[in-house]
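These are my notebook entries on one structure. I record what I looked up, entry by entry.

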Amino acid sequence: MLALLMVGGGALADGLTVEEIVQRTEQVAYYQGDDGKARVTMTITDGQDRVRNRRFLILRRDQDENAGEDTAQQKYFVYIKYPADVKNTVFMVWKNPERDDDRWLYLPALDLVKRIAAGDQRTSFLGSDFYYEDISGRSINKDRHRLTTTTDDYYVLDSAPKQPEQVDFARFTMWIHRESFVPVRVEYFDAQDRKYREYEVLEVATIQGHPTVMKSRMKDLRDGGETVLAFDRVAYDLGLPEEIFSERYLRHLPVSYLK
């Protein structure tokens, strides 16, 4: 349900163009079923081995007119359950493949709904090593991609942003499992071509016929910190109503869907 992504074209592998590999990868990472739900435990370990935990629920729904399609519009609702100082905080995303996403953060202590600016999308999510953009995904149209290697198990893509001034990376390399199209590893490099950030899938399961990431890790190689996400109670095709993905439900939680 959660991973990281990428578009390009030209090269062929197994009869697939690079663009087709990228689109299939995005489908697996973000578009399984017409909607989905997962409970998530986040473990944040800083460079001094201090550990903090977060627990939250993710609801995701594809737009009706695009349900089941690649790169469709989507809506995300992330409800924070633990710890107490951030309990009832809600992060909501309307994912727009052709333009910047719309993102909101509800802060219950202030009873405040805050719009997250486009420039904030690559800042820390809940104090972790994941960015807001990592949670709902980066548009496949924002980067150029080329196939560098095909191994027995993986496609290896090297990707660069079309607008590098808007992001903190100069390029990233991604390993995509050839059978499942799960992106199992992503390495980010800065302008000096130093690797500074690393995403890795630790566990995958098949749920309702969909290959699903159940455990993943993001490392910040600059400060030695890392964050592990563990997913459970994953389910697809729940018939989630569109109305709960609205500003109204940031303050008035859709309790029956958050159990």
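**Entry 1: aspartate 158**

I began with a polar contact of 3.0 Å between the side chains of aspartate 158 and threonine 173. A polar contact is a pair of N or O atoms within 3.5 Å; within protein, one must be able to donate a hydrogen and the other to accept it, and residues adjacent in sequence count only if both atoms are side-chain atoms. I note that this is a predicted model, in which local features need pLDDT of at least 70 and side-chain atom pairs count only at pLDDT 80 or more, while totals for chains, interfaces and linings use all residues. Residues are numbered from 1 along each chain as its sequence is written, and side-chain values use heavy atoms, with hydrogens and water left out.

I located aspartate 158 in strand 10 (residues 154-161). Helices (H or I, at least four residues) and strands (E, at least two) are DSSP runs, numbered from the N terminus. Aspartate 158 counts as buried because its relative accessibility is 14%; buried means under 20% relative accessible area, exposed over 50%, and partly exposed in between (1.4 Å probe, protein chains only). I then listed its contacts, where contact means heavy atoms within 4.5 Å. Leaving aside residues up to four places away in sequence, aspartate 158 touches Arg144, His145, Arg146, Thr148, Arg171, Phe172 and Thr173. Histidine 145 is 13 residues from aspartate 158 along the chain, and their C-alpha atoms are separated by 5.8 Å.

**Entry 2: salt bridges**

How many salt bridges does a search of the whole structure find? I recorded 24. A salt bridge is a side-chain nitrogen of Lys or Arg within 4 Å of a carboxyl oxygen of Asp or Glu.

I looked up arginine 197 and aspartate 134, which form a salt bridge with their closest N and O atoms 2.5 Å apart. This pair links distant parts of the chain, with arginine 197 in strand 13 (residues 195-207) and aspartate 134 in helix 2, 63 residues apart. Arginine 197 counts as buried at 2% relative accessibility, and aspartate 134 counts as buried at 3%.

Next I took glutamate 200 and arginine 217, whose closest N and O atoms are 2.9 Å apart in a salt bridge. Glutamate 200 lies in strand 13 and arginine 217 in strand 14 (residues 210-220), so the pair ties together parts that are 17 residues apart in sequence. Glutamate 200 counts as partly exposed at 22% relative accessibility. I also found both residues in a network of salt bridges that links Arg185, Glu187, Lys195, Glu198, Glu200 and Arg217.

A further salt bridge joins the side chains of lysine 142 and aspartate 100 (3.6 Å, N to O). Lysine 142 is in the loop between helix 2 and strand 9 (143-150), and aspartate 100 is in the loop between strand 6 and strand 7, 42 residues apart. Lysine 142 is partly exposed, with a relative accessible area of 22%; aspartate 100 is partly exposed too, at 36%.

**Entry 3: arginine 54**

Arginine 54 sits in strand 4 (residues 51-62), and its side chain reaches the backbone oxygen of leucine 126 at 3.4 Å.

**Entry 4: paired strands**

I followed strand 4 to strand 5; the two run antiparallel and are joined by eight bridges. Two strands pair if DSSP finds at least two bridges between them. Arginine 60 stands opposite tyrosine 76 in strand 5. Strand 5 (residues 74-82) is mostly covered, with seven of its nine residues buried. Six bridges join strand 5 to strand 6 (residues 90-95), again antiparallel. Strand 6 in turn has five bridges to strand 7 (residues 102-107), also antiparallel, and a hairpin joins strand 6 to strand 7 through six residues.

**Entry 5: nonpolar cores**

A nonpolar core is a set of buried Ala, Val, Leu, Ile, Met, Phe, Trp, Tyr and Cys residues joined through side-chain atoms within 4.5 Å. The largest has 53 residues, of which Phe56, Val78, Phe91, Phe125 and Leu157 touch the most other members. Helix 1 (residues 18-30) gives the most to this core, with six residues. A second, separate core of 15 residues includes Leu57, Leu59, Val113 and Ile244.
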